[in-house]
Each structure stands twice: as C-alpha cells, then as structure tokens.
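The following note sets out numbered points for a colleague who is examining this model. Please read each point with the structure in view.

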Amino acid sequence: MDVADLLADGFDRIKQTVHSAVDGLTEDQLTHRIDGRSNSIAWLVWHLSRVQDDHVAGVAGTEQVWPDWYDRFNLPFEISEHGYGHTFEQVAAVRAPAELLLGYHDAVHEATQRFVRTVTAGDLDTVVDENWDPPVTLGVRLVSVVNDDLQHAGQASFVRGLLP
C-alpha cells in the first residue's frame, strides 16, 4: 500500500461512516438534539464535510465544492462558514434532508479522492501552513482532517443510536 492508497482508504472510511449515520433518516431525526443543545447529525455531517472541503481544497490549491451547494442548503450563514465556534442557535439552523447532506458529502469526498490519489510520500513533508509552530505539513494537515472527520462521524453514529 502506498501513501495515496492509505489516504484514500482513510477518507473512504469517513464516507462509509457518514452514510451509515445518515441513510434512511428523516429530517426531524437528522436535526434531533439529544439534550436539546447538543450537535445534531445534520450539523455534524455538514460541519465535517465543510472542514474536509475547506482544508483539502486549501492544500490542493483547488476551489471548494461548497459554492455549488451553498444555495441548496439555504443556511443563514456566510458562504465561508464551516461551523467552528457555532452557537447552539447556529447548530439548530442546520436543517437538511439526508439526500442533500449525503450529496454534498459525496461531492467533497470525490474532490478529496482526486487530490489524495496524487499525493506521494515525498509530498507529506511539504509545509502547507506557516501560521503554527511548528509549521503544518501536508501529512499533518491530512491526518488532522481524517481525525476530526472520523470523530464527528462517530458522534453522528452515536446520536443515531440514541434516536427515539
């Protein structure tokens, strides 16, 4: 297995977990908040997809997928929003049917796969963000996205298991 295969597999696992958390749920189930304030499945999937879209497009030097989906979601946020620091009210504003959430996620996944399939072992040490100490390399950024997205996908799966 080479680096591209390893990265592709990691992102495939995110997609699989997202689909198992979302498939077959109604919009009410997707927006259910187990304690009235927690993150909903809809927000978690939207957020993890936005983070992946933003971060991977940033290191790939490509456009994000989100502008093609922004109007379809009809959210009360600026187009640049991806969920960091959202309030309870902003989390509640993310309402979308399963087909829309999965459609956006799958489009992000396809763009991610196009990029990670080009990554070589030699690319992983390339510095992609000098705003941190130490500077962030491509390898660290991609592993960070996989880690963050899998955590949120797992949270979505957990919430699904608690649905009434």
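1. From the N terminus on, the order of elements in the chain is α-α-α-α-α-α-β-β-α. The secondary structure amounts to seven helices and two strands, where helices (H or I, at least four residues) and strands (E, at least two) are DSSP runs numbered from the N terminus. This is a predicted model, in which local features need pLDDT of at least 70 and side-chain atom pairs count only at pLDDT 80 or more, while totals for chains, interfaces and linings use all residues. Residues are numbered from 1 along each chain as its sequence is written, and side-chain values use heavy atoms, with hydrogens and water left out.

2. Overall dimensions. The C-alpha trace spans about 50 × 30 × 30 Å along its principal axes. Of the contacts with a separation of 6 or more, 74% are between residues 24 or more positions apart, a contact being heavy atoms within 4.5 Å.

3. Surface and burial. Of the 164 residues, 46% count as buried. Buried means under 20% relative accessible area, exposed means over 50%, and partly exposed lies in between (1.4 Å probe, protein chains only).

4. In soluble globular proteins, nonpolar side chains tend to be buried together. Here the largest nonpolar core has 46 residues, and those with the most contacts inside it are Ile41, Trp46 and Phe73. The elements giving two or more residues to this core are α1 (3–22), α3 (41–60), α6 (98–116) and α7. Such a core is a set of buried Ala, Val, Leu, Ile, Met, Phe, Trp, Tyr and Cys residues joined through side-chain atoms within 4.5 Å.

5. Trp46 and His86. Residues up to four places away in sequence aside, Trp46 touches several residues, including Trp66, Phe73, Leu101 and Tyr104. His86 is also among the residues that Trp46 touches. His86 is in the loop between α4 (70–73) and α5 (88–93) and counts as buried because its relative accessibility is 14%. With the same exclusion of residues up to four places away, His86 touches Trp43, Trp46, Phe77, Glu81 and Val91.

6. Salt bridges. The structure holds six salt bridges, each a side-chain nitrogen of Lys or Arg within 4 Å of a carboxyl oxygen of Asp or Glu. Glu27 forms one with Arg95, the closest N and O atoms being 3.4 Å apart. Glu27 is in helix α2 and Arg95 in the loop between α5 and α6, so this pair ties together parts 68 residues apart in sequence. Arg95 also forms a salt bridge with Asp28, with closest N and O atoms 3.3 Å apart. A further pair is Asp129 and Arg141, at 2.9 Å between the closest N and O atoms. This pair links strand β1 with helix α7, 12 residues apart, and both residues are buried. Through shared partners, salt bridges join Glu27, Asp28 and Arg95 into one network.

7. A nonpolar patch. Which residues make the nonpolar surface patch of about 290 Å²? Ile34, Phe158 and Leu162 do. Patches are made of residues with over 30% relative accessible area and no salt bridge, like charges being joined within 9 Å and nonpolar side chains (Val, Leu, Ile, Met, Phe, Trp, Tyr) within 5 Å. Ile34 is in the loop between α2 (27–30) and α3, and Leu162 is in helix α7 (138–162). Ile34 is partly exposed at 38%, as is Leu162 at 43%.

8. Backbone points to check. Most residues other than glycine have a negative phi, and most peptide bonds are trans. Asn74, which is not a glycine, has a positive phi of about 50°; Asn74 is in the loop between α4 and α5. The peptide bond from Asp133 to Pro134 is cis, with omega near 5°, and Pro134 is in the loop between β1 (127–129) and β2 (136–137).

Definitions and conventions: Areas by Shrake-Rupley, 256 points an atom, 1.4 Å probe, with all protein chains shown as cover.
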